[in-house]
Amino acid sequence: MEQSDFEFSSFTPDGKFADPEYESHLAEFTLGPRKRVRPIGDRAMAHWVNGREGYIMELIRHEGRGDYTTREACHGHRECTFELEYRCRDCFGTELYCKDCMVERHRDNPLHRIKHWNGHYFEDTTLKYLGLRIQLGHPVGKKCFNQSRAFDDDFVILDINHVHEVALDFCECSCAQSHTTQILRARLYPATCSDPKSAATFRLLQHFQMLTFESKVSAFEYWQTLARLTDNTGIKPCKDCYESLLRMIKQWRNITLLKHFGRGHDPAGVNATEPGGCAVLCHACPHPGKNLPDDWRMVPPDKQWLYAQYFAIDANFRLVRKNVSSDSVDPGLSKGWSYFVEETGFKLFLKDTGKVSQEKSTCISHNTVNLAETKNSRGLAAMGAGTVDCSRHNFKRPCGVGDLQQGEKYVNMDYLLFSTLQHSDKVLTLNVSYDIACQWSKHLWARMSKYPSRLHFKRDGKTITFLVPKFHLPAHITTCQISFSHNLIKGMGRTDGEAPERGWANINPVATSTREMGPGARRDTLDDHFGYYNWKKVTNFGISLLSKIKTAIPECEQHQRDFEEFNPQWKEVVESWECDLSSKNPFEIMTVSMTLAAVRLKLSQQEAEDLENGLNNSLHMDISPSVLISSGMDLEEQQYRLQQDLTTLSAHPTDLQMTRLQECSNALLRKIEQWCNIQLLYMPAVGCLRAAELANAPSIREEKAHEVKLWLPSKVKETTELCEGPLCAYEWELRRAQAHEALDELRRQLRLHTHLYKFKDAHIRGQRANTRATTVLNKVEQSMKTAVARYRRAWSAIKTLSMALGNPNWEVELPELRPADVWGMAEGEIGKSEGTHTLSWIWKTRGVAGVGEDGEAVLSEGLRIEWCKSRARANRWAEEVELLQEEMRRVADFLSWHAGWWEEQATRRAALATPEEEGIRGYAKRQAALRRAMRDRFQEMWSIVPALLQSPSPAIEFATL
């Protein structure tokens, strides 16, 4: 059998390991060279296939006694002569022992699984059946002379590999501890506080906790795994301990949480825990007194952004909870100590203020705002969860998570923000990102004034900036896009505001199990997952910050070079806006948008002025020259629409469809005939053109309405010069307005298309919903094609008229629209983001300074906006480099502070027994040592940063690091 005969899905044709999830893990959590790529000839799987028969035979060999088939006596000790009958499945090796030796050897390992050779095959047995008893309250091997057996002598211990039935004895000596304490000191966790009948090993609870963090396995799935490991045939099913396991997991989560945050070291006890006191804080964010220099408040105003706190607000409607149980039955064990806000205070707040309706959106049609009170919550106690995250580093904020009872209402999100802001009251600069910040922030402070005083946030002397996340921003109107952009506002670096979305991707798999939980269990479970997620981010700071700065340094250099190519004539305006965001925004379009209605009004006013001066160019009582041209353009537009309707007609149309189209065609043809009769008054030469066209026609047939040539001045100029100059001027003005209207419509449809496509990708599931969404997208694409065709008709006419009127610079204002120019503002070229991409010209030419201008204002404005954006890109990358260096320093300082804090905890509690005192001290010292080791490891990794900053060609240097 040849190696080339086998192809395995885990490997690419060139021999590389192909696992997207694993590759993503390597990119985020590893640094340095990747694993060696195996050459084609080094195919481990193919080699294994060739030797597969030997592997099978070795497994089968373990079903017998192996090398012990010829040995007759047990070698458990020198004097043992009993027959070999028992093998341990968990001990190393395959040694066989007699019954007594097996029991004696397992007094230290009473939870191993035993097999018995019955003369033909191995069958399962237990150490309890062999006579092993577990004595608590005494050293291993010592027997208590005043013992008491566990209830009914049938105690169950859950371990990671089995559900064990054991013979358990409690110590009843005069100095004996309670049964619960005896169990705990054996590193077992009792299922109940009194008369326990079952327990779980510490390692099982630790194993489940880590497994559910990484794989999101539910407690039921874990229990099913244990039950199947114990008996996978159904012949001897184990006792059902699922409810006991649930209870132990819930309690274990709570006590380990309190232990990890030093609550056992506090003389005031657990009840003195403050809100948010058990949350893993973002080490890279500013924490006065912990990781900021003493003079941080004295930095110049243009550097205060270095000590800013970044927040991101969002909601997740997958984290629903069904209407089961209640807070009275399942109140939860963590009372606002971590990430979820304290439930009682939250509900009282909503009861008092939650019925106030919120204003509708004045931006785009935000479903978050407009439909907040109309979402269906039947059968649900919580429709989802809202959160406030650290926007820079994707940490869940303390007291920043809460349930959504009826959509994403302002009052819910206000409460979460003001609750978590109590933990950042000393920070002077706050940046708050929310996908509807343009609406939500309008009356935020007015709403706060009506809330309880405990939620009031003192904003005197603080700078608070509201932003919209980068992914959501293109769906907003233009004003929002320039006023709430991370890319344009000073001090944002490369923050994108989308941190919650990444966090939801991690937590969403848990939603399947948490939706069935009671309120308290759900909050405790999600708190536990959020805490682990934060801690995982802490341990990865060394790699993540270094990777970011390796990317930022060459990008900063490149964008600075690009910016230097511009003429900095708008520098003062931009810097003034950056210092005061309420001043004139340099990114705003200042020119007036041209529309057909505005041009028609101007032409009508001009004709009215001519009449007042005694000039009358009209040859018809009702139709003036400008009205003739504008109505002709309207007819041209109706012809195009009729042609589109005929094109999209199916191969087998219904009679009703044909009737409607024919009626439209007849009505349009009558309008055209009337218009053509009046046209001959102003353009007599058209009669000759129509007569010549009729004479040259190959056949006599009825002319279709959408095929009739209207012979507007631009078309006449293509064949003859016999056309009045004023008529050409009228069409010139109207065509320019038509082109600008078409561009405005194209831009609007492109924004809508981008928003709908992203919404479909993120939220639409199922064939029916996807079909409907695709239909809507197709309609938008058709509207885009219509706008493109309208612009090209106008552009073609303008091109002809420009030569007749002597306007050579018109293409500066209205370039030719090619297929490659039609892309969204947020899309750009393939593979480029907002921070790196270039815009199509359609997003730069938006209007003109005034009717009749030569287009110079458009060019100037386009250059000004592009210069501002180029400067913003260069500055954001430069800020990112500075921020990353500052964050590295803050992480190291926070770890040093935290190590010192743990050192202080070692001596806080007095009057304890020696073992407890030693445990208190040992745990605190170990935590302090761990923080220092993490700090030293990070600083070692970051030691190359100064060299990277001084490198003349960072992009080249990075390739070798």
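This is a predicted model: local features need pLDDT of at least 70, side-chain atom pairs count only at pLDDT 80 or more; totals for chains, interfaces and linings use all residues.
Residues are numbered from 1 along each chain as its sequence is written. Local features need pLDDT of at least 70 and side-chain atom pairs count only at pLDDT 80 or more, while totals for chains, interfaces and linings use all residues; side-chain values use heavy atoms, with hydrogens and water left out.

**First stop: α22 and α23**

Select residues 625-647 for helix α22 and residues 655-682 for helix α23. Helices here are DSSP runs (H or I, at least four residues), numbered from the N terminus. The two axes come within 10 Å and cross at roughly 155 degrees; axes are lines fitted to C-alpha atoms over the stretch in contact, and angles run from 0 to 180 degrees between N-to-C directions. α22 and α23 are therefore roughly antiparallel, the term for angles over 145 degrees. Their crossing is left-handed (the near helix is turned anticlockwise from the far one by less than a right angle).

Next, show the side chains where they meet, with contact meaning heavy atoms within 4.5 Å. On α22, pick residues including Leu628, Leu635 and Leu642; on α23, the residues include Leu668, Ile672 and Trp675. By class, this contact has 11 nonpolar, 6 polar and 2 charged residues. Nonpolar covers Ala, Val, Leu, Ile, Met, Phe, Trp, Tyr, Cys and Pro; charged covers Asp, Glu, Lys and Arg; the others, Gly among them, are polar.

**Second stop: α10 and α12**

Move to residues 343-353 for α10 and residues 410-421 for α12, whose axes come within 11 Å and cross at roughly 140 degrees. The crossing is right-handed, that is, clockwise. Select Gly345, Phe346, Phe349, Leu350 and Thr353 in α10, which meet Val411, Asn412 and Tyr415 in α12. The contact of α10 with α12 divides into 5 nonpolar, 3 polar and no charged residues.

**Last stop: the largest cavity**

The structure holds 8 cavities of 30 Å³ or more. On a 1 Å grid over the protein atoms alone, a cavity is a set of points where a 1.4 Å probe fits but cannot get out, and lining residues have an atom within 4 Å of a point. The largest cavity has about 80 Å³ of space. Select its lining: Arg253, Asn254, Leu257, Leu333, Ser334, Asp524, Asp527 and Asp528.

Definitions and conventions. On a 1 Å grid over the protein atoms alone, a cavity is a set of points where a 1.4 Å probe fits but cannot get out, and a pocket is an open set with protein on both sides within 12 Å along at least five of seven lines; lining residues have an atom within 4 Å of a point. Grid points are joined across faces, edges and corners, and a volume is the space filled by probe spheres set on the points. Helices (H or I, at least four residues) and strands (E, at least two) are DSSP runs, numbered from the N terminus. Angles under 35 degrees count as roughly parallel, over 145 as roughly antiparallel, 65 to 115 as roughly perpendicular and the rest as oblique.
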